Amino acid sequence: MTDQNLAIIVLAAGQGTRMKSATPKVLHPLAGVPLVAHALATARALESANVLAVVRHERDLVAEAIRGELPEAVIVDQDEVPGTGRAVEQAVAALPAGFEGEVLVVNGDVPLLDADTLRAFLARHRESGSAASVLSARFDDPSGYGRIVRDASGRFDRIVEQKDASEAERAIDEVNAGVYAFGAAALRDQLANLTTDNAQGEKYLTDVIGLLRGAGSEVEAVPAAEPWMVAGVNDRAQLAETAAKLNAMIVRGWQLNGVTVQDPATTWIDLRVTIEADATILPNTQLRGATTIASGAVVGPDTTLLDTEVGPGAVVKRADATLAVIGANANVGPFAYLRPGTVLDADGKIGTFVETKNAHIHRGAKVPHLSYIGDANVGEATNLGAGAITANYDDVAKHRTEIGARVHTGSHNVFVAPVRIGDGAKTGAGAVIRKDVQPGALALSVAPQRNIEGWVQQHRAGTASAAAADAAGGAQGESSGE
């Protein structure tokens with residue numbers, strides 16, 4: 001049920017200069033989705049009636065990503081006045097008239113903060129009756145964070161920034177996590193009192209906490225269960241650390257749901273991947289995007305799948321596939337490259353050093369090795385010999401090759417598209433197929449073999465090859481054969 005008394009503000013306006021990137025910080029990918037998408041997914045899980053995202057740096061790119069993840073989110077543009085306080089001030093102004101519920105403020109660069117933690121935080125805030133609540137965390141090394149100062153009875157007193165902290169205050173290991181819950185009325189009242197009268201010339205949201213305490217209002221600090229939940233991503237090193245932590249949780253989740261992951265340390269699984277129980281994932285495998293793995297399938301080692309469907313019992317070994325469909329009990333690899341539009345039906349095979357693109361390999365058909373099959377249809381139970389190539393491009397347009405059912409082609413065939421090979425047909429080794437082949441026909445395009453006897457003795461006299469030919473009784477002259 002939608003919570004009409006909850007508004008969630010996602011802060012996504014910052015430039016993120018420490019990332020040293022042309023890409024906005026909140027759009028850097030983490031487990032297959034942008035950083036900000038994790039915060040939006042949490043907001044969706046909390047079923048808030050009002051989700052507002054504040055944007056500024058690379059406004060259009062960030063807004064587009066937000067709409068793609070959560071279309072109902074309201075985009076709020078931060079103006080020239082900097083600071084988190086100003087961002088929240090403008091978001092609150094965009095709330096529906098008369099909203100008097102709770103306002104939850106989260107950061108778009110804190111991806112591991114889950115909905116359960118925030119539900120408990122909100123419940124504690126509502127039960128306490130405080131004007132505001134601050135989510136805190138205890139870090140072994142709190143350097144750089146604002147400290148949570150408590151009074152003698154353990155109640156929240158204030159937040160002190162590190163640069164302003166005394167030696168005793170710097171020893172405090174409880175820090176401000178930058179996540180807040182406010183009563184809407186109290187927040188509106190104190191936002192109006194914010195100024196930019198500070199060294200940075202910014203409106204700070206933390207100043208609202210000080211103003212509330214100065215007005216005699218109660219504020220509570222609620223520690224998170226684990227500090228990694230509230231860790232922000234500010235540079236590439238933190239992004240990698242966060243990715244490793246999230247991936248470990250994703251892998252463990254699939255293991256607990258019946259998936260065998262042989263080496264979690266070298267297995268990477270994106271957030272939107274789905275895997276059925278009794279699938280097996282072998283080392284050095286990346287499952288990306290919206291990939292799906294069915295029960296009984298074995299994927300890996302050394303395999304990368306992006307937006308690819310793997311059917312029950314299929315085996316995919318040392319392969320790279322994008323936007324491909326691999327049917328039940330099919331076999332792929334090793335060293336196969338499946339490009340977008342590849343469909344391999346049940347019991348089919350795409351083998352060693354085979355590249356496919358926009359190709360449908362029907363049930364039981366095989367492309368065993370050393371082939372390129374693009375813009376093609378390969379019929380049921382057909383077997384393509386080694387070195388098969390569909391020459392699909394004439395320098396102007398792409399053309400299709402249609403190969404029927406139960407066809408057997410010779411090694412090193414080239415099919416010059418557009419061309420059709422009828423059901424049950426055969427082609428000879430080395431054939432270049434430029435014209436349609438009727439069902440049941442044998443297609444040959446190689447000239448009769450011609451042997452020039454004695455050529456080595458005549459043209460390579462004195463060489464080891466000539467001596468070997470003489471010793472073997474090699475004749476001189478010319479003959480031909482078919």
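This is a predicted model: local features need pLDDT of at least 70, side-chain atom pairs count only at pLDDT 80 or more; totals for chains, interfaces and linings use all residues.
Residues are numbered from 1 along each chain as its sequence is written. Local features need pLDDT of at least 70, side-chain atom pairs count only at pLDDT 80 or more, totals for chains, interfaces and linings use all residues, and side-chain values use heavy atoms, without hydrogens and water.

**Two residues**

An unreviewed UniProt entry lists His369 under "active site". Such annotations may be inferred rather than shown by experiment. Histidine 369 sits in strand β28, residues 366-378. Strands are DSSP runs of E with at least two residues, and helices are runs of H or I with at least four. Proline 142 lies in a loop instead, between β7 (132-138) and β8 (147-150).

The table gives exposure: buried is under 20% relative accessible area, exposed is over 50%, and partly exposed is in between (1.4 Å probe, protein chains only).

| Residue | Relative accessible area | Class |
|---|---|---|
| Histidine 369 | 36% | partly exposed |
| Proline 142 | 9% | buried |

Contact means heavy atoms within 4.5 Å. Leaving aside neighbours within four places in sequence, histidine 369 touches Thr352, Phe353, Val354, Ala386 and Gly387.

**Two helices**

Helix α6 (residues 184-191) and helix α7 (residues 206-214) have axes that come within 9 Å and cross at roughly 100°. Axes are lines fitted to C-alpha atoms over the stretch in contact, and angles run from 0 to 180 degrees between N-to-C directions. α6 and α7 are therefore roughly perpendicular, a class covering 65 to 115 degrees. Ala186, Leu187, Gln190 and Leu191 of α6 meet Val208, Leu211 and Leu212 of α7.

Technical notes
Angles under 35 degrees count as roughly parallel, over 145 as roughly antiparallel, 65 to 115 as roughly perpendicular and the rest as oblique.
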